[in-house]
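Biologist: Before we look at the charged pairs, could you take me through how packing is read in a model such as this one? I would like the general idea at each step, followed by the case in hand.

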Amino acid sequence: MKQVTQHNRTGSVRIEEVPPPQVKPGHVLVQVRASLISAGTERTSVERRRESLLQRARRQPKLVAKLVEHLRQYGIVQTYRRVKAQLEALVPLGYSAAGVVRAVGEGVAGVRVNDRVACAGAGYATHAEFVLVPKNLCAVIPKEVEFSQAAYTTVGAIALQGVRQAQPTLGETSVVIGLGLLGQLTAQILKANGCTVIGVDLEQSHLDVARSSGIGLALHRTSSDVINVVRAATRGVGADAVIVTAATGSNDPLVLAGELCREKGRVVIVGDVGLELPREPYYRKELDVRLSRSSGPGRYDPLYEEGGLDYPISYVRWTERRNMEAFLRLLASRQVDVAPLTTHEFLLDEAERAYRLLTQRGGEGGKKHIGVLLRYEESAGRETVRVVSFRHVAPSGHALGVGFLGAGNFAQASLLPHVKRFSGASLVGVCTANGLNGLNVASAFGIGFATTDPTEVLSNAEIGTVFIATRHNLHARYIVESLNANKNVFVEKPLALNADELKEVETAYAKAQRKHGHAMVMVGFNRRFAPHTAHVKRFFDDAVGPYVMQYRVNAGFVPSTHWTRDFGEGGGRIIGEVCHFVDFMQFVAGARPVRVFAQPFGGEDAEDDSVIITIAFEDGSSGVVTYFANGDPAVPKEHIEIHSTQRSAVVDNFKTLTLYRQGKRRVFRKSIFDKGHAEEVRQFLIAVRDGLPSPIPFESVVTTTRATFAVIESLTRGVPVSV
């Protein structure tokens, strides 16, 4: 399918052929017929990506600080790779579209195939022939509304939420400062609400459009005596509410808003403006200042937008989706008319020309832009093209033909570079949920093809090894499918999220062993491959007593709404991350865990966030994992102490290793973190190439997984649990 993209480094806009999205639970697959280019928001995006690196650094000092910290921790090579990948990436554009539903995912109600819908959301309702949109960002279009009108819905919902924050009542006077696209819609909605509306703008063409939409009083900011005209129009009282929809770094809109408001009036900030409030008018009039958060309740809440969790209407009357539906009803009843706002229309193939228009001061043909639409042909059948090929990859051997299922930030930083450097391995294909991300990854790492359909990887005869780096809830499913397809498997932790999934993996592994005589499933427990870990194993090589191990993890705060803490998708932090530390202790002790006891601490949100876990091993060794989220981020994340046979080892965040023996101390330091990612990939691929057993026995990864399940059970029951 075709998608409008922008190059992150150069800012150039171009149309790319990318794999179309695949429908998934809670989502709707939509064939786009029209999308809106938001002149203000998208112009800013385009202009900022055309800035020099120095200009970007000056504008984003916090990002520079993070980059410096990354350089300090991971070194120049990895930092350079990360920055280069980001700068060379193509990014999607657009966030408001309308089209026809082509497929509906499991768990979606109220939307059917062939329904006409409006779609919202950056990263979802992009300028592309097909988009995959969460159900709460999708609203059915009334029959009276055309696609070209419904394409305005996202911006209309933002305007509507700003009006709701102002709480206007019939007969009040409201002022709108900034009559761009957002301001024009805001003014029309206020008028539909029975308000007297006054518009203010610096651009004469915007004032003319407002007047053509029925806004009788439209004032130029500099050539009109705005303050006195508003005072006269309100008989000396002032405006009941002022809604600021301008986009400027200047503080002038808020200064003006304070002057125009009556005593105890309301000022609502919708646009991106300076926020330094002048104290005198705001204090003297005791003004109520409110910020409007985009399109309404639910925005920026991943449980609502991604998880599909709706807010009860009895408690939250107007959510993001309900605002979209209300705006569509305003269009259907002709109370809002977007026709005067549509200044330009382009076909999708003319998108580059459309974006050039945004940065032209004089407009195209002398006509100033407000609403710029992209129109799409029906493109029947284009959705069946599921693979975008870049080059033919001829692997040196079937086993070392590698395919990736999932390729997010972790895979790009810690897996793909090491696979690419391994002699004889060929990166044949990559499957990602987002087609544009797959395109970027394939380009960055020289991968043969990109797709959004996992069967294209699993059924490819050139691929003998699959790396699984998706979200955790897909791991077990893809392990089983890979084994059934006679592929070697490297899966990022965890192996499975629950006992049922683990049983399916074990069954598939045993079946593959019987059918093919071999099967390899390795989990990315990288700590056991770290250089310091290898040194620790040598240090304790002749130890005869049981081990006492303490693993302290300053895990850092992760919001409870993050996908990793969702037990259905991420499995929570115990299953998703603590498995690393259980595996490390099992490897050092050389014995399997047999019993765990876990205690939470840190408050009501601590079930998988802050825990102390005691692990007993079959040889008498014991380990304690102290995992917490309330430490200072400046404290190194991981600190390990290991004691046995009158000797001790201390690993400090895999940068420093201190060994103690017979009263003497030896210290080994590395300049950057090395948690073993490169070595684990190397050893795995060597095993694949040479037909060796997995570097981590399958029984070991199963035991570690069961131990994390036992930790969850212990937390629930409050008693020790056998593994």
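This is a predicted model: local features need pLDDT of at least 70, side-chain atom pairs count only at pLDDT 80 or more; totals for chains, interfaces and linings use all residues.

Biologist: How many residues does the largest nonpolar core have, and which have the most contacts inside it?

Modeller: In soluble globular proteins, nonpolar side chains tend to be buried together. A nonpolar core here is a set of buried Ala, Val, Leu, Ile, Met, Phe, Trp, Tyr and Cys residues joined through side-chain atoms within 4.5 Å, where buried means under 20% relative accessible area, exposed over 50%, and partly exposed in between (1.4 Å probe, protein chains only). The largest has 64 residues, and those with the most contacts inside it are F404, V419, F467, I479, L483, L495 and L685. Helix α22 (residues 677–690) gives the most to this core, with 6 residues; helices (H or I, at least four residues) and strands (E, at least two) are DSSP runs, numbered from the N terminus. A second, separate core of 52 residues includes A120, I141, V155 and I370.

Biologist: Turning to charge, how many salt bridges does the count come to, and where do E481 and R477 lie?

Modeller: Side chains of opposite charge can pair when their charged atoms come close. With a salt bridge taken as a side-chain nitrogen of Lys or Arg within 4 Å of a carboxyl oxygen of Asp or Glu, the count comes to 30. E481 and R477 form one of them, at 3.4 Å from N to O, and both lie in helix α18 (residues 475–484), 4 residues apart, about one turn of the helix. E481 is partly exposed at 29% relative accessibility, as is R477 at 44%.

Biologist: Which parts of the chain does the pair R565 and D609 link, and are the two residues buried or exposed?

Modeller: The closest N and O atoms of this salt bridge are 3.7 Å apart, and the pair links distant parts of the chain, 44 residues apart: R565 sits in the loop between β24 (548–554) and α21 (572–589), D609 in the loop between β25 (593–600) and β26 (611–617). Both R565 and D609 are buried.

Note on methods. Residues are numbered from 1 along each chain as its sequence is written. Side-chain values use heavy atoms; hydrogens and water are left out.
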